[in-house]
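Trainee: I am new to this one. Could you show it to me, and then take my questions as they come?

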Amino acid sequence: MKKYKDKYPDENGKFGIYGGKFVPETLVPAITELEEAFKRFWINNEGNFREEYYALLRDYVGRPTPLYYAERLSEELGCKVYLKREDLAHLGAHKINNALGQALLAKKMGKKRVIAETGAGQHGVATAAACAKLGLECVIYMGAKDVERQKLNVFRMELMGAKVVPVFGGSQTLKDAVNEALRDWTTNVRTTYYLLGSALGPHPYPMMVREFQRVIGKEIREQILEKEGRLPDVIVACVGGGSNAIGAFYEFLDDDVELYAVEAGGKGIETGMHGASLCAGEVGVLHGAKIYVKEDEFGQIEESYSISAGLDYPGVGPELSFLKDEGRIKAVCVTDDEALEAFQLLCRLEGILPALESSHALAYAVKLANELDKDDIMVINLSGRGDKDVQTVAKALGREI
Amino acid sequence: MKLAEKFEELKNKGEKAFVAFYVGGDPNLEISEKALEVICKHADIVEIGIPFSDPVADGITIQKADVRALSSGMNPLKAFELAKKLNEKFPNTPKVFLTYYNIIFKMGEEEFVKKCKESGIAGIIVPDLPIEEADSLYNYCKKYGVDLIFLVAPTTPDDRLKKILEKCSGFVYVVSVTGITGAREKVAEETKELIKRVKKFSKIPACVGFGISKREHVEEITEIADGAIVGSAIVKIVEKHLDENGQIKDEEKFLKELEEFIRNLKEGTKKKAKVAVKN
């Protein structure tokens with residue numbers, strides 16, 4: 001595909017047939033307001049918004065994050081493996097890039113209250129931090145099941161002054177947290193900013209989140225050119241909603257680089273217990289956009305499953321949905337067990353604890369390495385660190401801690 | 001019966017419309033059919049909800065009803081059968097479907113609208129389908145003579161309101177507050193403002209929903225609007241009669257309370273209208 005960049009979304013907020021604004025009427029003016037604000041501050045750079053944002057990324061987030069040559073992993077896999085260390089960004093995940101961008105936008109728009117949803121808790125923590133830093137009130141919706149799975153992150157959010165609201169409806173995971181956040185927004189639309197955590201939802205969110213995460217790919221590009229003098233052959237990233245993946249991929253869409261989007265295969269696609277909407281879902285409308293979703297024959301959204309809370313979502317953002325159909329990205333999946341193995345592999349070989357989300361990307365990278373030569377370059381986007389997952393991993397391995 | 005005919009009939013009687021919402025299949029298909037029969041007897045227009053797994057425009061009361069209906073095996077095909085049966089028994093009570101867009105999209109827009117026509121459904125309400133995304137569904141609705149009812153909210157600016165009212169038929173669904181469905185204490189001032197704005201631009205009947213839960217609300221709202229829509233408050237009656245397994249404890253008692261409630265609310269649309277006629 002040639003010259004993809006800057007073509008999408010179109011003026012209707014669509015990526016081909018995907019995207020759009022499928023929201024209750026009450027929210028339409030809020031979305032229009034957001035679209036206009038994003039245009040003013042991000043695209044037209046009013047009040048030097050971009051400079052302010054990049055300064056925060058540099059001094060508060062600690063960007064650029066390193067592109068680390070994983071020597072022992074490279075030896076093991078038989079190709080050149082680089083890890084984009086988003087786990088070293090402030091708070092331990094790529095989520096902060098987007099949270100800061102949107103919180104700054106909320107502030108410029110004069111909104112005093114910010115709401116967000118979170119699955120693994122990383123987006124919640126990032127939002128809580130961004131709100132603390134910018135002096136905004138913060139409410140985080142989180143599925144009751146995830147509150148239990150991610151106690152440490154709940155506590156971190158509370159320490160930073162956020163109010164965490166457990167959601168007991170539906171499957172009690174990320175999908176239901178999004179529903180609840182949308183309801184709050186509908187009710188308090190005039191005063192509240194909804195800080196969406198992935199490249200999902202109604203336009204302009206998928207575009208905004210991509211723009212705030214694009215920094216990952218920009219840095220990869222500069223860093224790999226400096227280290228290797230050429231672009232990588234392959235980039236691998238995990239996909240829940242898809243924000244770290246689109247962030248890592250976007251700068252390379254017009255280049256000859258293979259892009260792999262790794263989804264949660266859970267207990268295996270055939271069991272139905274998975275979060276692999278691109279691999280095994282269908283086109284539908286969920287949370288404001290036309291995307292690939294996991295649904296039944298009547299269009300009811302099915303519960304997703306993954307050992308990793310951040311990938312436990314039954315849809316994938318519109319841009320990745322589109323890129324899959326276009327054949328520009330390859331959608332693949334790995335199981336819980338494969339991700340757990342990859343988690344341990346990286347710990348053992350490199351002394352890095354990857355997030356369970358990122359472990360999915362690693363697990364596929366291990367498989368893919370069989371097809372690569374010694375001099376081929378593979379970049380794995382290490383979207384976050386795994387400290388939050390240590391309890392889950394211990395439990396899965398039958399260890400008590 | 002078409003919605004326009006119903007509004008004409010009500011106008012001649014000097015009454016306003018009472019629109020009642022019930023989730024098809026709540027808590028199971030059999031009971032919901034009986035409940036809807038009771039509703040069809042007294043309400044002017046009946047809204048049948050086709051349950052969806054992620055009803056973001058609805059509050060917790062209706063979400064729970066959707067979950068109950070879905071777990072009892074409710075699906076869109078059964079909703080069409082239900083509508084057909086009700087239509088045979090109560091041909092003079094127009095019925096509309098309320099559902100979310102993914103249900104329609106999955107079935108195929110044309111197929112869905114065609115089935116609506118065949119089962120005697122007069123109109124469709126899709127709370128997550130704003131006007132910008134509605135072109136093709138609108139065209140199918142025109143083709144098959146089914147009304148597409150749009151929602152307008154207090155946050156809807158005038159220019160947008162005009163565009164929506166141009167495409168809307170049957171009636172316009174006035175969202176009374178910025179928020180989700182669910183019973184509230186008072187009718188908000190912004191609701192009245194919104195109705196005035198609707199009336200300024202269009203002659204289409206305006207029915208107000210979201211937060212209307214008792215007769216006083218119905219009386220107050222039908223002084224200025226053409227109808228009142230009650231949903232959550234009806235679903236709450238179902239909730240009240242459930243046992244620990246999510247089934248109705250005493251069917252007779254439940255249907256009796258439902259009937260009294262509906263009848264009383266319908267009365268609320270007569271009183272003020274009569275006063276107005278006298279004056």
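Mentor: Let us begin with A:L91, which counts as buried because its relative accessibility is 16%; buried means under 20% relative accessible area, exposed over 50% and partly exposed in between, with a 1.4 Å probe and protein chains only. This is a predicted model, in which local features need pLDDT of at least 70, side-chain atom pairs count only at pLDDT 80 or more, and totals for chains, interfaces and linings use all residues. Residues are numbered from 1 along each chain as its sequence is written, chains are lettered from A and ligands numbered from 1 in the order in which they are written, and side-chain values use heavy atoms, with hydrogens and water left out.

Trainee: Where does A:L91 lie? And what is its phi?

Mentor: A:L91 lies in the loop between β4 (80–85) and α4 (95–108) of chain A; helices (H or I, at least four residues) and strands (E, at least two) are DSSP runs, numbered from the N terminus. Its phi is positive, about 75°, although A:L91 is not a glycine. Most residues other than glycine have a negative phi, and most peptide bonds are trans.

Trainee: What about A:H287, buried or exposed?

Mentor: A:H287 is buried, with a relative accessible area of 8%. This residue, not a glycine, has a positive phi of about 50°, and A:H287 sits in the loop between β11 (282–286) and β12 (289–293) of chain A.

Trainee: Which residues does the cis peptide bond with omega near 15° join?

Mentor: That cis bond runs from A:H203 to A:P204, and A:P204 is in the loop between β8 (192–194) and α9 (205–228) of chain A. Another cis peptide bond, with omega about 0°, joins A:Y8 and A:P9; A:P9 is placed in the segment before β1 (14–15) of chain A.

Trainee: Changing topic: how many aromatic pairs are there over all chains?

Mentor: The search of the whole structure finds 27. Rings of Phe, Tyr and Trp (its six-membered ring) pair if their centres lie within 6.5 Å; planes under 30 degrees apart count as stacked, over 60 as edge-to-face and the rest as tilted. A:W42 and A:Y53 are an edge-to-face pair, 5.6 Å centre to centre with 75° between the planes. The pair links distant parts of the chain, eleven residues apart, with A:W42 in helix α1 (residues 28–43) and A:Y53 in helix α2 (residues 49–61) of chain A.

Trainee: Why does A:W42 count as buried?

Mentor: A:W42 counts as buried because its relative accessibility is 2%. A:Y53 is buried too, at 1% relative accessible area.

Trainee: And why is the pair of B:F52 and B:Y100 stacked?

Mentor: The ring centres of B:F52 and B:Y100 are 5.5 Å apart and the planes are at 25°, so the pair is stacked.

Trainee: Now the interface. How many residues does each chain give to the contact?

Mentor: Chain B gives 38 residues and chain A gives 33, where contact means heavy atoms within 4.5 Å. The area buried between chain B and chain A is about 2900 Å², with 53% from carbon and sulfur atoms; buried area is the accessible area (1.4 Å probe) that two parts lose on being put together, summed over both.

Trainee: How many salt bridges are there between chain B and chain A?

Mentor: There are six, a salt bridge being a side-chain nitrogen of Lys or Arg within 4 Å of a carboxyl oxygen of Asp or Glu. One of them joins B:R160 and A:E25, whose closest N and O atoms are 2.8 Å apart.
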